[in-house]
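Welcome! Here is a friendly look at how side chains pack in one protein model. Please have your viewer ready.

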Amino acid sequence: MTRGIYRHTKWVAAGALAACVAAATPAAAATTPTVSCTSARAGLADKLKRDITSAVSGRSGTIAVGLYDRTTNTTCTLRPSTAYDSASVVKVTVLATLLWDAKKHNRYLTDRETTLAKAMITKSDNDATSKLWKQLGLTKIKGFLSAAGMTQTKPGANNYWGLTQITVTDEQKLLKLITAKNSVLSDNSRAYILKLMGQVISSQRWGTPYGAGSNISWHVKNGWLQRSTHGWRVHSVGTFTGGGHDYMITVLTHGNSTMNYGITTIQGVAKAIHKDLAAS
């Protein structure tokens, strides 16, 4: 069942974007909520607030943003609790759940699981995701979400994993777990997730890594899905280290006229963030 809903995403990933409908009317600037930023580094919060606001102004659709930089204790948010259909971004949660559950049972992943996990993250393979989602079941998935404190995330019912409801707040919590020592995920598990997110195929390396300097190490997972309401959902989550910084970015969007329009919105935000942090 799930495969039928998402089959078109593979077609899109192959580059057939020209068939999508173009251009939407930009939303009025007055409807854009305020970007909120705080930082321990003088001047950085104001600069990020100004530049992220500029990046989203005039873009149609509904945009949510999360930034956290450990080095400067910097946080920025826009619509942090607005819920979005997850599309393939949920695949990081699926992998984290698999590793969390394996740790609880003091076992390694099987060869089958490692094969499915690699396909799920590096190629965004939907069939592999459906198999792991079904294997885990909602009880284990909800168990991980509870352990991770991801209280705003609601798993999709009836194996429709791509309709899981996610927020910037929870995606940032997940990225924090993946990138620092904690009691939920083992160090080996965290390293494995980051390894796969760093091996995403070239055609799926768009989004949050855009504009990062050559000295920055990145790990990314993107998601995209078209539905009859709210148009295209286009999301990107990424973690970044280097240049004296250790940070993570989440950008969630829906109401995009095309997949490319959503990607452009995300990359405008990412470019502004990378630029400001590099200069700080």
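This report covers nonpolar cores, ring pairs and charges over rings in a predicted model.

## Nonpolar cores

Let's start inside. The largest nonpolar core holds 45 residues, and Leu95, Phe144, Ile178, Leu185 and Ile193 make the most contacts within it. At least two residues of this core come from each of β2 (62-69), α3 (90-104), α4 (111-122), α5 (126-148), α6 (168-179), α7 (187-197) and β8 (245-256). Helix α3 gives the largest share, with 9 residues.

There is also a second, separate core, made of 28 residues, with Cys37, Trp224, Tyr247 and Ile266 among them. As background, nonpolar side chains in soluble globular proteins tend to be buried together.

## Around Phe144

Leaving aside residues up to four places away in sequence, Phe144 touches Thr93, Ala96, Thr97, Trp100, Met150, Leu174, Val184 and Leu185.

## Aromatic pairs

Searching the whole structure turns up 3 aromatic pairs. One of them is edge-to-face: Trp100 and Phe144, 6.0 Å centre to centre with 65° between the planes. Because Trp100 belongs to helix α3 and Phe144 to helix α5, this pair ties together parts 44 residues apart in sequence. Both Trp100 and Phe144 are buried.

Phe240 and Tyr247 form a stacked pair, because their ring centres are 5.2 Å apart and their planes lie at 25°. Phe240 and Tyr247 are both buried.

## Charges over rings

Two tyrosine rings are worth a look here. The charged end of Arg59 sits over the ring of Tyr261, at 3.9 Å from its centre. Over the ring of Tyr68 sits the charged end of Lys176, 4.3 Å from the ring centre.

Conventions. Residues numbered from 1 in each chain as written. Predicted model: local features only at pLDDT ≥ 70, side-chain atom pairs only at ≥ 80, totals over all residues. Heavy atoms only, no water. Core = buried A, V, L, I, M, F, W, Y, C linked by side-chain atoms within 4.5 Å. Buried < 20%, exposed > 50% of the residue type's maximum accessible area, 1.4 Å probe, protein only. Helix = DSSP H or I, 4+ residues; strand = E, 2+ residues; numbered from the N terminus. Contact = heavy atoms within 4.5 Å. Phe/Tyr/Trp six-rings, centres within 6.5 Å; stacked < 30°, edge-to-face > 60°. Lys NZ or Arg CZ within 6 Å of the ring centre and 35° of its normal.
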